Amino acid sequence: MSCIKMKYEVPGDDFTRAGEASSMVKRKLKQLGYNPDAIRRVAIAMYEGEINMVIHAGGGVAEVEVYPDRVEIALIDQGPGIADVEMAMQEGYSTAPDNVRSLGFGAGMGLPNIKKYTDAMRIDTEVGKGTTMYLTVKAK
Amino acid sequence: MTVEECAQKLSLRFLAGEEGAQTEISGGYVGDLLSWVMGRLEEGQAWITVMGNINAIAVATLKDASCIILTDEAPLDEDARRRAELEGVPVLVTDKNSYQTALALGQALL
Ligand SMILES: Nc1ncnc2c1ncn2[C@@H]1O[C@H](COP(=O)(O)OP(=O)(O)OP(=O)(O)O)[C@@H](O)[C@H]1O
Ligand SMILES: [Mg+2]
């Protein structure tokens, strides 16, 4: 197994399809017989990133690269960007609107979850341009 | 205790995903905020909640919850029911609230 690449379009504002990309990646990793702990962490991190693109950025693209020792995920959107990343990373901080909160989102735990369950996390963001998040999960 | 045994002991009604009835329940987690549950629920736990939408099914699937128990007769959306059938995630419902359900589950697991 050298490197397997997957790419998914994440539609904006479509909550009925949110979570599809992470579900597909999880299924694929299971088929590959990948490390179960790494699968669990990839599923959590990717789900949160995917949902954030749906809610906050009008959708985007998820690119996943699977290596024998790690999974690398890039979540790319052309949304509004994040003005204060440090603040956004705080537990409980959320700008989710009410209609989204009533669906169970908006705890402000998405980015903290990603941080907790990945081995590396980098956010490149520019207000008015978009956000790209790079995540690495190691298979220990 | 399997999901099916739990359903009998706690008088829960299956709404979807009966094919997962033999899954073992390792414990429980109560919560309605999805990313809170995403971060904390552990594999095999029964998820006690009032969230019966399609995103709840996604969380339960990704986290390998043994089942979802909807409390206070909370409704399961039709698209959520279909997704739960597809994924084989058992979804059950009770007229008891989340506190009563967690208490009963804890006693049943002793
Ligand atoms: N891709 C993104 N584009 C623009 N803003 C974002 C993006 N991702 C996150 N944010 C901002 O960061 C905040 C915190 O994100 P986080 O995922 O932690 O919480 P949330 O999405 O609001 O709620 P939860 O994830 O708990 O349902 C968001 O409310 C939003 O303001
Ligand atoms: Mg979020």
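The model is predicted, so local features need pLDDT of at least 70 and side-chain atom pairs pLDDT 80 or more, while totals for chains, interfaces and linings use all residues. Residues are numbered from 1 along each chain as written, chains are lettered from A in the order written, and side-chain values use heavy atoms, without hydrogens and water.

**Salt bridges**
- The structure holds 18 salt bridges over all chains (a side-chain nitrogen of Lys or Arg within 4 Å of a carboxyl oxygen of Asp or Glu).
- Arg81(B) and Glu78(B) form one of these, at 2.9 Å from N to O.
- Arg81(B) is partly exposed at 29% relative accessible area, as is Glu78(B) at 41% (buried is under 20%, exposed over 50%, partly exposed in between, with a 1.4 Å probe and protein chains only).
- One network of salt bridges with shared partners joins Asp37(A), Arg40(A), Arg41(A), Asp119(A) and Lys140(A).
- Arg13(B) bridges to Glu73(B), with the closest N and O atoms 3.4 Å apart.
- Because Arg13(B) lies in strand S1 and Glu73(B) in the loop between strand S4 and helix H4 of chain B, this pair ties together parts 60 residues apart in sequence.

**Helix packing**
- Helices H2 (residues 36–56) and H5 (residues 110–117) of chain A pack at about 155°, with axes 9 Å apart.
- H2(A) is therefore roughly antiparallel to H5(A) (angles over 145 degrees).

Technical notes. Axes are lines fitted to C-alpha atoms, for helices over the stretch in contact, and angles run from 0 to 180 degrees between N-to-C directions. Helices (H or I, at least four residues) and strands (E, at least two) are DSSP runs, numbered from the N terminus. Angles under 35 degrees count as roughly parallel, over 145 as roughly antiparallel, 65 to 115 as roughly perpendicular and the rest as oblique.
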